[in-house]
Amino acid sequence: MTDPKPEISALKMFESLLDKDPEKSMGLAAIEALLEVLKTSTENISLKLNSTNSSSLSENLQDKVTSLTDKTSTVQGLTKDLSNAVDEMMRTDRSSATVQSACELFLRFSSLISQEKLIDANFEAVKCEYVKRGNVFIKRIEKSRSIIAKCFRPFIRSNLKVLTHSYSKVVLESLLESKAHGCVFHVFVTESQPDNSGRRMAEKLRQSGIQTTLILDSAVGYIMESIDIVVFGAEGVMETGGIINKIGTLGIAICAKAMNKPVYVMAESIKFIKEYPLNQSDTPNKFKYRYSTLESKKDALDDEHPLTDYTPPQYLNLLITDLGIFTPAAVGDELIKLYT
Amino acid sequence: MADQVAVSRLRDRVNLYFHKTAVRESSSKLALRMLSFFEDLVRYAHYETAEQLIAILRAEGELLYAAHSNEFIIRNMLLVVLRGVRDECLTQTSGSDDTLPQADSLNHFQRLWFLPAPNQVQINSAQLRSGVLDFIKEMKEEINVSAEMISNQAGHQLVKTDTVMTYKLSQSGTLKKFFSLFRAKTIYSVDDDPSAPANVISSVEILSTMKLTTRVVLSAAAILPDGSVVAPAGTLNVCLAAKRHSVPVVFCAGYYKLTPMFIPHLDEFNVQGRPTDVLPASEALKFSNVSVANPLFDLIPAHLITLVLTQSSAKTPLHVYRLISDYYHLEDFRQLDR
């Protein structure tokens, strides 16, 4: 008799996926972890089927079996499991905005099966359908970054000076793709304190032969006059069309606007969040601070430095996503289409 | 094979059209000619499924656009016709006049992330043909009345006592119609030829005249999805002056000028006119070390524009992107090759 599989901890799965492949998109890791949770619930079901077929079952084993079936034999139970998994993953110290939006969109997509299939009494089939759709979704999201890189190419031409902020995998991939297609340009990267992530970005860019300069966060105003375009990644794209990104983004965007430089944001579609902040204090705390900070300093948040800021849509020119290129105003429409 | 011959003959004829015209015709005539080209393709080419028709149209359209890549209208008309084909296909397969199928939120979701599988369903190709031809006829009719329909909105935008400034009035069919149907008190036309039905001023007088102006009405060559506009060279001066004096700027354009492409740098697309227009050939030897540029278009950024008038609507530049999805199908324009 095989033991029932141990509960897959979504958080552990998520962290291990990111540790194994640091270049993986955070949203993608979150939804892969969710798919694993979905799959393991399926396996527990088939375990139950095997157990009941065996004739000699003691009382407590039967109880164990029933407790397994009670857990995941209904769609509601499954949904509850998955939302518990999402809550667990939100307790990460990495970007919780990305995790939240990616998970919500994944769940919506997987559960949006046609009515006929839902009425099907065979829960096993419904589960399989979920898993199938989940896989399809993941395959599509894996391609997001390369679609964005392709969309971005017309915006870069030779001898351009590009300014970017902190370490963004999407921006990195797009710049590398442009370089691979023969564009010669100069990138300025801000150091991005407190974690010095700009340094990592500059290293990676230099490795591919792109001319890169690392600048102080405070030097942005100084350098802006010689910059041609400004490019940001995003941790989350809000319904307003604004973005949540590493702290310092707002300052750079305002500076660019003042000096008439175009600002482009690159974000995968799984980062669209259904929130409508009006200013910095409106942005939910779970996006601004990491989970450990929120837990330990619940009452003394005023002393904590926020790790992200909200850049309103009037400072952004275009958002380049894998669903297409949008103005900030159009993003709100797209978001509604995603979430209805 | 007969249809291959027919298609190549159509192709030759349309290429000849481009070479014959020494001076570029008005955009509406070009749009009509393009629609006729696609109409003939639909009529004479051979296809069984909608997917085949779309492939034929796209191949011919993209080939033509590659040969004349400064004419956005070619691609715009291709996208209009492709949209017509897809709509026709949808109405036939769903068997009703509803354009939205029942499980539309599911389809919506699918469409957002997945370009739907090509329609391999065998539909009645004769019915498809006649449906698409009807659609093209409607679109042609819309082009014919577009100038008039834009002018009908003039009453909402201007009053009789307005002082209006425009740019090169006599060179734009849309604007000529606009002002003939709506007689404003004073019209200033910048850089126009003296026979224009307006007070002609030169570009150096723009700022001083702008103080007296209450409205600026201009014609666009192309409207881009972020609300910016490609307009004849020299228009940027007028728009900047208008911004400085807080004068509303209204751009008029028919739907055939809606271009689903973003243009970050206009230099790649700008057409150069004749250098002898700037520097006469007789002076050329004297200025042999000078490079003469004569760009024909300006890119007007969205923040300088107050309103965009098309034949069906008046939209602020922020909302122009909605028009794009009205006329073109998502699949066709989402990932365009430049």
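Modeller: Let us consider the boundary between domain 1 and domain 2 of chain B, where about 1300 Å² is buried; buried area is the accessible area, found with a 1.4 Å probe, that two parts lose on being put together, summed over both. Carbon and sulfur atoms give 59% of that area. On the side of domain 1 of chain B, the three residues B:Phe72, B:Asn76 and B:Glu142 supply 39% of what this domain buries against domain 2 of chain B, more than any other three residues.

The model is predicted, and so local features need pLDDT of at least 70 and side-chain atom pairs count only at pLDDT 80 or more, while totals for chains, interfaces and linings use all residues. Residues are numbered from 1 along each chain as its sequence is written, chains are lettered from A and ligands numbered from 1 in written order, and side-chain values use heavy atoms, with hydrogens and water left out.

In chain B, domain 1 covers residues 2-144 and domain 2 covers residues 146-326, bounds that come from an automatic or database domain assignment. The C-alpha centres of these two domains of chain B lie 30 Å apart. Where they touch, 19 residues of domain 1 of chain B are in contact with 17 residues of domain 2 of chain B, contact meaning heavy atoms within 4.5 Å.

What kinds of polar pairing cross this interface of chain B? Zero salt bridges are found between the two domains of chain B (a salt bridge is a side-chain nitrogen of Lys or Arg within 4 Å of a carboxyl oxygen of Asp or Glu). Eight residue pairs across the interface are, however, in polar contact, both residues at pLDDT 80 or more. A polar contact is a pair of N or O atoms within 3.5 Å; within protein, one must be able to donate a hydrogen and the other to accept it, and residues adjacent in sequence count only if both atoms are side-chain atoms.

Three helices of chain B, namely H2, H4 (72-94) and H6 (125-152), each supply at least two residues of the side of domain 1 that touches domain 2. H4(B) gives the most to that side, with eight residues. Helices (H or I, at least four residues) and strands (E, at least two) are DSSP runs, numbered from the N terminus.

Helix H2 of chain B has 18 residues, 27-44, and should span 26 Å at 1.5 Å a residue, which agrees with the 26 Å between its end C-alpha atoms; the expected span is 1.5 Å times one less than the number of residues. Among the buried residues of H2(B) are B:Leu30, B:Ala31, B:Met34, B:Leu35, B:Phe37 and B:Phe38. Buried means under 20% relative accessible area, exposed over 50%, and partly exposed in between (1.4 Å probe, protein chains only). An α-helix has 3.6 residues a turn, so residues three or four places apart point the same way.

The setting of this boundary is a chain B with 12 helices and 10 strands. Of its 338 residues, 48% count as buried. Among contacts in chain B between residues at least 6 apart in sequence, 73% join residues at least 24 apart.
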